[in-house]
Amino acid sequence: MRPDDRALLGRAAARLAGNPAFLAHLLALYRAHRGIDDAALADELGCDGEGLVRLALCRAPRRGTDFRTDLASAAAHAGADLTRLTSAVRRAQSIATLRGAAGANLLLAARDRDDREPGADRTGDHGG
Amino acid sequence: MVGGTARTDEPDERAIHTRLLRRDAAATAVAFEAFYPSLVARLRRRHRLDDPQLAEVAAEQALLDYFEHPTKFDSAKGTLAGYLAMAAERDLLNLLDRERRRHARVVSIEDVALTDLPRNNPVEEAIDGMTTGERLADLRAQAGAGLRDPVDERVLRLMEEGVRATAAYAAVLGIGHLPIDEQRRIVKQAKDRLKKRLGRRRAAAASTR
């Protein structure tokens, strides 16, 4: 990968951090969770900076039986350690699931508030 | 290359396409590395872009569309590089068009905000534009001579001061004894008449300059 191309692909990878269809998204979640930078993340995954860009541009692994195959392909392409990559991706998926659940709970709470009649079922309103 | 002798620096399109159809997770990265830099460079060569990142976004969009619908590419009709180049070109033109429209909207809003008085069809547009006392004062200054009728003059002064209370105008017009709806109607009538008259005066003054 030429240096110019690496910078270009790096910017594309950074934009894909917002796209859950790509590993970039899961790696960004994991990196933020660990509070580390790209260099530290690459080191943790056993690859260099170029490998990290390659990983980010790979498709996010499918669930189920294809999960390991997908990660193996991504790790092989990027020269990353499959075991460490698998661990990081599983952690990132848990974070994504928790965030999704938290978001859903917030939405449900908001809907409950909206559905409630003004003044109805409010503790203390019935006197006593 | 499909249908020819592959040069070593050219991507193996058939292999990439096959991997993508098989949903190989690394195929997207391989395709990015193979096509993205040349797509961006081509767009930048062909278009003078104020924002060079637009070429990157367009090339990225073309690749993402291809990843999403790989079967739309028909190798019998041409190369994958050509297919992606056309898609990127189309995406860039769409982005530029969107930018132009957004820019036009911003300019249009700025025009309205920065122009004290409209320049076309002065009477009607001046009336529409006269929402504040400040603008009204500007209009009167541009229209030249003051008003002869002292009642009109006092009404105009209230308007310039931004007074909105119907009672104030009703007192000047001597209609305080009428029902409030009637007062409102007459006050509105008086204001509209004055605005129209000033608009005409302004237009006449502008035409003689």
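Predicted model: local features only at pLDDT ≥ 70, side-chain atom pairs only at ≥ 80, totals over all residues.
Residues are numbered from 1 along each chain as its sequence is written, chains are lettered from A in the order in which they are written, and side-chain values use heavy atoms, without hydrogens and water.

Select chain B. Its secondary structure consists of nine helices and zero strands (DSSP runs, numbered from the N terminus: H or I of at least four residues for helices, E of at least two for strands). Of its 209 residues, 37% are buried (under 20% relative accessible area, with a 1.4 Å probe and protein chains only).

Next, select residues 27-46 of chain B, which form helix 2. This helix has 20 residues and reaches 28 Å from its first C-alpha to its last. Centre the view on B:Phe35, where helix 2 has a kink of about 40 degrees, shortly before the proline B:Pro37 (the bend is the angle between axes fitted to the seven residues ending at a residue and the seven starting there). The buried residues of the helix include B:Phe35, B:Tyr36 and B:Pro37.

Continue to B:His47, in the loop between helix 2 and helix 3 (53-68). B:His47 is buried, with a relative accessible area of 16%. Finally, display B:Glu89: its side chain makes a polar contact with that of B:His47 at 2.7 Å (N or O atoms within 3.5 Å, where within protein one must be able to donate a hydrogen and the other to accept it, and residues adjacent in sequence count only if both atoms are side-chain atoms).

How values were computed
Buried < 20%, exposed > 50% of the residue type's maximum accessible area, 1.4 Å probe, protein only. Expected span 1.5 Å × (residues − 1).
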